[in-house]
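Dear colleague,

Here is the structure I promised to pass on. My notes follow below it.

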Amino acid sequence: MAKAEILAPCGGFDSLTAALRCGADAVYFGAGEFNARRAASNFDDKALREAARLCRLYGTRWHLTLNTLVSDEELPRCRSLLARVCRLSADALILQDLGVLRLVRAMCPRNGAARFHADECRNEGGSAAFAGTRIFTCGSAARAY
């Protein structure tokens with residue numbers, strides 16, 4: 001039987017440190033404007049670097065939420081955030097916009113084995129974006145490994 005994983009949501013640095021101290025296997029949080037966790041304090045650039053460092057120190061995987069639709073006007077800012085996330089080597093990305101998935105694949109080729117959780121990937125076109133990956137569907141979401 002597979003061991004259950006504790007995946008803790010972290011709306012800010014206080015909840016991140018609490019999750020790490022309590023032994024979470026993985027955490028997820030947002031950075032910048034491209035996540036659906038707008039009510040959370042989220043992580044600025046400095047806090048994102050520190051969060052990644054602490055997660056590595058504790059042996060905890062970290063997942064970054066980029067789960068909003070990105071407009072053409074927002075693409076340069078999204079690319080900038082993705083460049084920082086690629087350098088920090090997030091363990092997984094939680095995405096909604098399949099265009100962002102394409103950006104990740106183009107910008108972070110060494111992270112090709114990273115896990116993706118894509119919201120609302122229900123149709124053939126959406127699933128085709130995950131070519132070469134295994135898709136696991138549960139309710140309204142698909143997981144690609």
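**Two loops and a helix pair**

Asn42 sits in the loop that runs between strand S2 (26–30) and helix H2 (45–58). Keep in mind that the model is predicted. Asn42 is not a glycine, yet its phi is positive, about 60°. Asn42 is also buried, because its relative accessible area of 14% falls under the 20% cut-off.

Ala47 belongs to helix H2. Ala47 is buried too, at a relative accessible area of 18%.

Ser89 is another non-glycine residue with a positive phi of about 60°. Its loop connects helix H3 (75–88) and strand S4 (92–95). Is Ser89 buried or partly exposed? Its relative accessibility is 22%, so Ser89 counts as partly exposed.

Now the helix pair. H3 packs against helix H4 (residues 98–107) at an angle of about 45°, and the axes are 10 Å apart. H3 is therefore oblique to H4. The crossing of H3 past H4 is right-handed.

Which residues meet there? From H3 come Leu75, Cys78, Arg79, Leu82, Ala83 and Cys86. From H4 come Val100, Leu103, Val104 and Met107. By class, this contact has 9 nonpolar residues, 1 charged residue and no polar ones.

Best regards

Definitions and conventions
Residues are numbered from 1 along each chain as its sequence is written. This is a predicted model: local features need pLDDT of at least 70, side-chain atom pairs count only at pLDDT 80 or more; totals for chains, interfaces and linings use all residues. Side-chain values use heavy atoms; hydrogens and water are left out. Helices (H or I, at least four residues) and strands (E, at least two) are DSSP runs, numbered from the N terminus. Buried means under 20% relative accessible area, exposed over 50%, partly exposed in between (1.4 Å probe, protein chains only). Axes are lines fitted to C-alpha atoms, for helices over the stretch in contact, and angles run from 0 to 180 degrees between N-to-C directions. Angles under 35 degrees count as roughly parallel, over 145 as roughly antiparallel, 65 to 115 as roughly perpendicular and the rest as oblique. A crossing is left-handed if the near helix is turned anticlockwise from the far one by less than a right angle, and right-handed if clockwise. Contact means heavy atoms within 4.5 Å. Ala, Val, Leu, Ile, Met, Phe, Trp, Tyr, Cys and Pro count as nonpolar, Asp, Glu, Lys and Arg as charged, and the others, Gly among them, as polar.
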